[in-house]
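Trainee: Hi! I've just opened a new structure and could use a guide. Can we walk through it together?

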Amino acid sequence: MSTDEREQVEAQLQALFAAHPPADTPEPEFWGAQFDHGLAWVQFPEGVGGLGVSPRWQAEVNRRIEAAGGSIRNRYLNILGIGMGAGTLLAHGTEEQQRRFLRPMFTTEEIWCQLFSEPGAGSDLAALSTTAVREGDTWIVNGQKVWNTLAHLAKWGLLVTRTDPDVPKHAGLTYFVVDMEAEGVDVRPLYQITGEAEFNEVYFDDVHIPDSMRIGAVGEGWTVAMTTLMNERVAIGGNVAPRGSGAIAHAVEAWKRTDGSDPVARDQLLGYWIEAEALRLTAIRAGEAARRGTPGPEGSTAKLHWADLNKAITSFAIDLMGPEGVTYPGGYEFVRPELTATRTEDPHKAFLRARANSIEGGTSEIMKNILGERVLGLPGEPRVDKNVAWRDVPRS
Amino acid sequence: MTTQTTPHEGEMTVTFVETDEQQQLRGMLRDFLGSRATSERVREVMQTDAGVDDAAWKELGEYGLLGLTVPEAHGGAGSTFVELAIVVEEAGKRLLPVPLLSSAVLGTTVLQRAGTSQQLQRWLPDVATGATRLALAHLDERGRLTADPGVRATRDGDGWRLTGTAGYVIDGHTADLLLTAAVTDDGLALFAVPGDAAGLSREPLPALDLTRPLATLRFDGVHVDAEAALTGGDPITALHDGIAAGVVALACEQVGGAQEVLSTTTAYARERIQFGRAIGSFQAVKHRLAEDLVKLEAARSAALHAARAIAAGDRQEIAIAAPMAKALCSEVYETIAADGIQLAGGIGFTWEHDAHLYFKRAKATKLLLGDPHLHRRLLGDVLSL
Ligand SMILES: Cc1cc2nc3c(=O)[nH]c(=O)nc-3n(C[C@H](O)[C@H](O)[C@H](O)COP(=O)(O)OP(=O)(O)OC[C@H]3O[C@@H](n4cnc5c(N)ncnc54)[C@H](O)[C@@H]3O)c2cc1C
């Protein structure tokens, strides 16, 4: 089976490279051709960006494209679409929706954002209050979302709404794709600790969404949202960076610029180096286990470990800089970037940006609850809102 | 995180997938240890003078698990260090008091690196069955690894005369053959000294960890024949390789022990009720266990990878992976073992609860063959940091 798959992937790569040399083809055009050859998400069915082969081949495809001088930065430019939206559409969207959305998503011609969190519902996502009320074939949406990454660039939003306030919170949700250019959608920048506005507030004032843009059944929004969040974790956990790269590289560089005389700092540096490398190895283990269909705890521990370690290492790198640690080279720019700042090459910005790692995509506290309950099998918290209609639950 | 997947040049291919045989080995060990290495049995053995479970050792030998890294030509199984690491990890879960580390890892590695083919032929088959137990004496009386190991060897007719003291020898008072590092006029050399040699006295050391005995060996003009000198390889390389194997084995043992403590503690947190709820439903407890799980998975990655580096014989990678595994696993085991006491509450502080056995093993393994600071320093040197 896997030799067949290898040949299949290889044949498509050859054909793609022959017709569209990665180094000489404009990015969106190349990405479109990549999609047409089934190499966007290799595990997807043919016709919607895939070949129906094991997802493990994607890493090979990406590596080959980069080696040939091509770019895979569409994954960062449209991180919420390609990383999370695509998997959601594949699992719960209609074929028509898949054919409409996936290709321009992959080419970055249409950027996506995720409209889940609200001022009153973050960790407790199912508590959200943005409403969608049905009028014939149209839904009328009102409410406010917040912390929405790249919403200022997005053409489409993944939106969860409340369609029934009289049932317990998880039961009354419905999921939509919303046109960010529709009337009544107002996107306002929300500046962050780094001075950038990667994320936004989004207001909905009688926004009309056709029913054909609903993903999954009415009242099934929670299940669909869970698929999005699962894809988010896979997107984070499945990546394996080279040894010594990322935050630890900043710390090593900062250490090399000291006179190297502080044995305590050296000990700490190596402690972090070891943890970063162990985490990298864990990501490899998680990937192998997932591909063999026997996922272990390593997949779930990786996000939590990464978030906390990345904060610690980026902070330590600043400590090592001494006086330079109190500067902020480049200053606070107050811009709305075209990329999330996650991959920033500036150690000062990386240090500030890292504070988000234990909040975005589920806080570290919530991750610990999940690990404790789902992996270790510990009992859940006492629930005060379980069988109560959403309408009757207290909210801030 | 980035999506780059290209490995560094020269980096060995990293994989963790276990073969069916390796999984069977694990399963078999779990069955065996589950019935043989009970808490009662371990406690019974640790109170004896020898401190070794002879019956369990014999059975391990019969199963062919003591000569895993010994070639078939010498009566071993011809397996790799990965299999041996599995045995060590599983034994570490149960604190099995047998000389696995001293004989099957340290002794066997050093002997294979330093012995001549005649010496290997003579000793390895019995080492592989467990009939001959090896121990490695390479530290001075105070447990320091220095250029001067504390024992001196001088020519004595055809043979040699050994004088001095070797300290902190793991299983030193029960081993049949003591691989002893000694300085000669020509530099460092290794000797295989029979445990019953005249002039050798062996004193058990009162040990923090009762499940792993240590001894002081005093050589009072011990005469050995010329055949006792291990002259088949460079003694320093042999010691180096033996210690690296020991370091990685300890890391694997630590992962096994930490896993066991975490499982036991988690089970307790599910059952113990206070304030009308299982204590594991309180976040202060739940979060601590979740953090321990995160640490354990990182430690496991490091230990497994180091074991594979040894199996691959990749010296460059061993120089990175071994100190890394020992530093990380030591600290993780200590933390998880300490949490094991804390989260069991008052009962966790009692002698009858097993938490202290693991806590002591954790502390002792942290310090044996180099503490985390030393290993981080070694790693820093390798990485030029
Ligand atoms: C950089 C960044 C990008 C983001 N991008 C998006 C996006 O694109 N789309 C989107 O919809 N959202 C996005 N978010 C929002 C993110 O998902 C939420 O911030 C997150 O889920 C936490 O919710 P909250 O901010 O409301 O905090 P709260 O839920 O109010 O939490 C506050 C504190 O209480 C703790 N806490 C809450 N509940 C519990 C509990 N049960 N047990 C223990 N502790 C608890 C939390 O851990 C936290 O420390 C982004 C956030 C950041 C920082």
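Mentor: Happy to. Keep in mind that this is a predicted model. Let's begin with strand β1 of chain A, residues 112-115, which is covered on both faces.

Trainee: Which residues of β1 of chain A sit on each side?

Mentor: A:W112 and A:Q114 are on one side, A:C113 and A:L115 are on the other, and all of them are buried. In a regular strand, side chains alternate between the two faces of the sheet.

Trainee: What does β1(A) pair with?

Mentor: Its partner is strand β4 of chain A, residues 156-162, in the parallel sense over 4 bridges. Within that pairing, A:W112 has A:W156 in β4(A) as its bridge partner.

Trainee: Is A:L150 buried or exposed?

Mentor: Buried, because its relative accessibility is 0%. B:L369 is in the loop between α10 and α11 (372-382) of chain B, and it counts as buried at 16% relative accessibility.

Trainee: Okay, over to strands in chain B. How many residues of β4 of chain B are buried?

Mentor: For β4(B), residues 177-184, it is 8 of the 8, so the strand is largely enclosed by the rest of the structure. B:L177, B:L179, B:A181 and B:V183 point one way, while B:L178, B:T180, B:A182 and B:T184 point the other way.

Trainee: What are the neighbours of β4(B) in the pairing?

Mentor: One is strand β1 of chain B, residues 134-137, paired in the parallel sense over 4 bridges. There, B:A137 stands opposite B:T180. Another is strand β5 of chain B, residues 187-194, which pairs with β4(B) in the antiparallel sense over 8 bridges. In β5(B), B:A192 is the bridge partner of B:L179.

Trainee: New topic: the nonpolar core. Which residues touch the most other members of the largest one?

Mentor: A:W273, B:F81 and B:L111 do, in a core of 135 residues. Helix α7 of chain B, residues 235-271, gives the most to this core, with 16 residues. There is also a second, separate core of 64 residues, and A:F44, A:I72, A:A127 and A:A132 are among its members.

Trainee: Back to A:W273. What does it touch?

Mentor: Leaving aside residues up to four places away in sequence, A:W273 touches A:R243, A:G244, A:I248 and A:V252 in chain A, and B:I320, B:M324, B:L379, B:L383 and B:L385 in chain B.

Trainee: How many aromatic pairs are there over all chains?

Mentor: The count comes to 14. One of them is A:W41 with A:F44, a stacked pair at 4.9 Å centre to centre with 15 degrees between the planes. A:W41 is buried, with a relative accessible area of 5%, and A:F44 is buried at 3%.

Trainee: What about B:F32 and B:Y63?

Mentor: Their ring centres are 5.5 Å apart and the planes are at 85 degrees, so that pair is edge-to-face. B:F32 lies in helix α1 (residues 20-36) of chain B and B:Y63 in the loop between α3 (54-62) and α4 (81-94) of chain B, so the pair ties together parts that are 31 residues apart in sequence. B:F32 is buried, with a relative accessible area of 6%, whereas B:Y63 is partly exposed at 43%.

Trainee: Which residues do ring pairs link into a cluster?

Mentor: A:F35, A:W41, A:F44 and A:F106.

Trainee: Last one: which residues of helix α2 of chain B are buried?

Mentor: In α2(B), residues 39-46, they are B:S39, B:V42, B:R43, B:V45 and B:M46. Seen down the helix axis, they fall within an arc of 165 degrees, so they line one face of α2(B). The cover over them includes α4 and α10 (355-367) of chain B.

Definitions and conventions
Residues numbered from 1 in each chain as written. Chains lettered and ligands numbered in written order. Predicted model: local features only at pLDDT ≥ 70, side-chain atom pairs only at ≥ 80, totals over all residues. Heavy atoms only, no water. Core = buried A, V, L, I, M, F, W, Y, C linked by side-chain atoms within 4.5 Å. Buried < 20%, exposed > 50% of the residue type's maximum accessible area, 1.4 Å probe, protein only. Helix = DSSP H or I, 4+ residues; strand = E, 2+ residues; numbered from the N terminus. Contact = heavy atoms within 4.5 Å. Pairing = 2+ DSSP bridges. Phe/Tyr/Trp six-rings, centres within 6.5 Å; stacked < 30°, edge-to-face > 60°. Arc of directions from axis to C-beta.
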